[in-house]
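Here's a quick briefing to read with the structure open beside you. Start with the confidence scores, then work down to the details.

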Amino acid sequence: MKHRYLPMTSQDEKDMLETIGVQSIDELFSDIPEKVRFKGEYNIKPAKSESALTKELAQLAGKNADSVRYASFLGAGVYDHYKPIVVDHVISRSEFYTAYTPYQPEISQGELQAIFEFQTMIAELTGMDIANSSMYDGGTALAEAGMLAAGQTRRKKILVSGAVHPESRDVVRTYALGQSIEVVEVPLKDGRTDIDALKEMVDENTATVMVQYPNFFGQVENLKELEPIVHGAGALFTVSANPLALGALTPPGKFGADITVGDAQPFGIPEAFGGPHCGYFAVTQKLMRKVPGRLVGETTDDEGRRGFVLTLQAREQHIRRDKATSNICSNQALNALAASVAMTALGKEGAKEIAVQNITKTHYMKQQLKKSGFEIAFDGAHFNEIAVKIGSSVKELNAALFEKGMIGGYDLGLSYDELQGHMLIAVTEQRSKEEIDAFVQEIDAFVRETEASHA
Amino acid sequence: MHKDNQPLIFEMTKQGRVGYSLPELDVPEVDLTELLGQDLVREEFAELPEVSELDIMRHYTALSKRNHGVDSGFYPLGSCTMKYNPKINESVARYSGFANIHPLQEESTVQGAMELMYDLQEHLKEITGMDEVTLQPAAGAHGEWTGLMMIRAFHEANGDFKRTKVIVPDSAHGTNPASATVAGFETVTVKSNEHGLVDLEDLKRVVGDDTAALMLTNPNTLGLFEEDILEMASIIHKVGGKLYYDGANLNAVMSKARPGDMGFDVVHLNLHKTFTGPHGGGGPGSGPVGVQADLIPYLPKPILIKTDEGFTFDYNRPESIGRVKPFYGNFGINVRAYTYIRTMGPDGLKKVTEYAVLNANYMMRRLAPHFDLPYDRHCKHEFVLSGRRQKKLGVRTLDMAKRLLDFGYHPPTIYFPLNVEEGMMIEPTETESKETLDDFIDAMIQIAREVEENPEIVQNAPHTTVINRLDETKAARKPVLRYQKPTDSE
């Protein structure tokens, strides 16, 4: 069968074999020992035509409930935000998406400059001195922050707040296992890191204290109070921050964070069932040479023209091998480009406006829930999520909401025993007043019905 | 091409311009200070650009023109498998039912996505000959580390804590030793022999009861098949170690030899290489890991299982190494890889490998008279030339690589693997036509002639790019890693 990606003709094949001086393609594989040679073809599904395959896969995609058809109140680390349409048009330019790492700067200035701009935007939002070119995601970026801190302080203990995303904490633990680093969780008080407990826990073995800002419950941690406790013990202060929130919240850099990491998914990157998203990694000047992954720097050519190159590569695996600061090679460059375009589209004013909208709409949701008699689990400042006590099964509530065209919130009981029957509700700028009102009405009706049936 | 700078997007800013259209705020406004407290309210704006939508499109279009991708021209970057990125993949990954679904939705609402993941796993099991596959790792290096962590867990579960060493060949990718370090191992290097293959005697010398694993690429980074693979497997297994397959070069052996049949215990694949998830300017990738049965308990959790009621994620995995990534991997890249595999089918994947190897051998034979060929035998999907003949004439491989830019090509991988002097690692892939290969070969031959007759033109290359060679020393000595808005006094 002929194939549209394979330009080889039988004449080409004949000519090329003759040039090589062999009779058949098989001869080129004669170095594979008979005993391990695979005979025949893989037992996999047969090839499909373009039309047939798109039809099949469109049907498969149609089995999933997406946040275009359903109003989503689910966040917990991944959000349905405004995605400027221009983003997809930029990242669809194949000069970007069919290129690899810009190892040849003369023909990669586009990618290099785009990354340099990304580094600048992340540094601006986080209030940090510098940012790298991206990491896999927020979770692995946090884990790498832990590795950096342990190396820098030569200490072997990480304190991670219980209000850090549960899956990110899991990833930190896995990385720490490899490096024989101890990970201890800091307990919570009213949905935030327990500052008194932390004071007791930090010691001379603590490499870093990790908190999330806003935290997993949408609560805004008090970085100002946390910072002196962390630095007082000689540990590095690591903040995992939602960069979109930083349009309105004081950036971690202002509060003295040494490392700020997170995921830029909220900026123009689709939810995509959890990936690919876009981790970022920002640090103070002091830690510049300890950063994992690629960094783009500005320089000039011999005629004085400005240009951009991968720099400080002596940190990286392809140069330092087993002494590298990290093993990361491929990163999330295309998604960093997507985030850059979204941050550019929003711009100086839009970045603030979108963040304020999230706070405002979530506050509205909170008020409406309170009016209906629901108990909000935690007091205090929040960003775009709140934890609400449902009392009955969150899973059943979500099934009821789904019937009404809504994707309900995250069942906090799955990760926190003490929060059984609590739902984490996200309200982004995408949710209209009408949708919020309908949502409150539905959960109110559901809870009343459940209570009635138990009465 | 223009030799003018493209301004930074920040330099195009004009106060008051916007490029967005947010939903209207249809709920009452709030007082942020009252709600958050003074300390938490950001005082100064983040200095993001202020530009219109057309400004954005023009800026990034201009940048894209200063970038070379596979769609721009030939890209024989060895070990990176820069093959054509099919457009159907891009369309399918953008279907709303794949792009706009949340990883924590109720499983009943994402059965289509889970079915795709499951079927991709099944396909990868058959392709690699392994017993189980996880899609969680985000990229090749991430997969390497995941695999090594599983090997570590396996040994420790057997009460075997003395296995502190991972062996890698001197020709290995840099990620291999780096991943070993991150997984808490010490790296031991095994030498290559005069044929470019792992030296079995040296391997026997370095293995022992402290060996956790041997990491191997097959074919290796010289593009040569490790013929003694079964003996190597036996040497490692005899001392109780595990054999790790770096799948970076799988494009060379599809339907010809499976890692599982060669004796490998763990394998990672780079779906952005062999299976056409695009390289994206450096990522995102996807690095699934396959294992033999005895390592299944240690797979990252959750694992995806099929039940009578449908697909579900199983978190009850007490021996798992834990999570290596939030959620389930780079799903969007996995969708592309799945689309590719289903497009090619079994006969297509077989031809992929056959033509990739035919193309590489053809180029190698035609270029061999003009450059040094350190290992003269059939190669697989790529081959390595040495520029030492040209170096004697005062022209380095770097110069020849830069000269290729003038012909509109992305150069090969250079100075790698480390065991070849002035190395040039060329990987044509199967999606390139004979005409493209011939044109590139002609350019290489011309450059070899220029080295002899007019070396300056090579030494001073490139001549036609938007920028000349850049001062990398300056970039590293005084790093400027971000734009700073000029202050008023400047």
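**Confidence first**

This is a predicted model. Chain B has a mean pLDDT of 96, with 99% of its residues at 70 or more. For the model as a whole, ipTM comes in at 0.97 and pTM at 0.98.

**Chain A at a glance**

- Chain A carries 13 helices and 17 strands.
- Its C-alpha trace spans about 85 × 55 × 50 Å along the principal axes.
- Chain A has 455 residues, and 61% of them count as buried.
- If you take the contacts in chain A with a separation of 6 or more, 72% of them link residues 24 or more positions apart.

**Where the chains meet**

- The contact draws on 171 residues of chain A and 173 residues of chain B.
- On the chain A side, helix 11 (residues 333-371) gives the largest share, with 24 residues.
- Sorted by class, the chain A side that touches chain B has 78 nonpolar, 54 polar and 39 charged residues.

- You'll find I56(B) in helix 2 of chain B, which covers residues 53-65.
- Buried or exposed, which is I56(B)? I56(B) is buried, because 25 other C-beta atoms lie within 10 Å and 20 or more are enough to count.
- Setting aside neighbours within four places in sequence, I56(B) is in contact with residues from chain A, namely V86(A), V341(A), T344(A) and A345(A), and with G19(B) and V51(B) from chain B.
- For a sense of distance, I56(B) and R163(B) sit 107 residues apart in sequence and 54 Å apart in space, C-alpha to C-alpha.

**A helix pair in chain B**

- Helix 6 (residues 140-157) and helix 7 (residues 175-182) of chain B pack at an angle of about 45°, and their axes are 9 Å apart.
- That angle is why helix 6 of chain B counts as oblique to helix 7 of chain B.
- The crossing of helix 6 and helix 7 of chain B is right-handed.
- From helix 6 of chain B, the residues involved are G140(B), A141(B), E144(B), W145(B) and L148(B). They meet T175(B), N176(B), A178(B), S179(B), A180(B) and V182(B) in helix 7 of chain B.
- By class, the residues of this contact between helix 6 and helix 7 of chain B split into six nonpolar, four polar and one charged.

How values were computed:
Residues are numbered from 1 along each chain as its sequence is written. Chains are lettered from A and ligands numbered from 1 in the order in which they are written. This is a predicted model: local features need pLDDT of at least 70, side-chain atom pairs count only at pLDDT 80 or more; totals for chains, interfaces and linings use all residues. Helices (H or I, at least four residues) and strands (E, at least two) are DSSP runs, numbered from the N terminus. A residue is buried if 20 or more other C-beta atoms lie within 10 Å of its own, exposed if 12 or fewer, and partly exposed in between; C-beta atoms are placed from the backbone. Two residues are in contact if their C-beta atoms, placed from the backbone, lie within 7 Å. Axes are lines fitted to C-alpha atoms, for helices over the stretch in contact, and angles run from 0 to 180 degrees between N-to-C directions. Angles under 35 degrees count as roughly parallel, over 145 as roughly antiparallel, 65 to 115 as roughly perpendicular and the rest as oblique. A crossing is left-handed if the near helix is turned anticlockwise from the far one by less than a right angle, and right-handed if clockwise. Ala, Val, Leu, Ile, Met, Phe, Trp, Tyr, Cys and Pro count as nonpolar, Asp, Glu, Lys and Arg as charged, and the others, Gly among them, as polar. pLDDT is the predictor's confidence in each residue, from 0 to 100.
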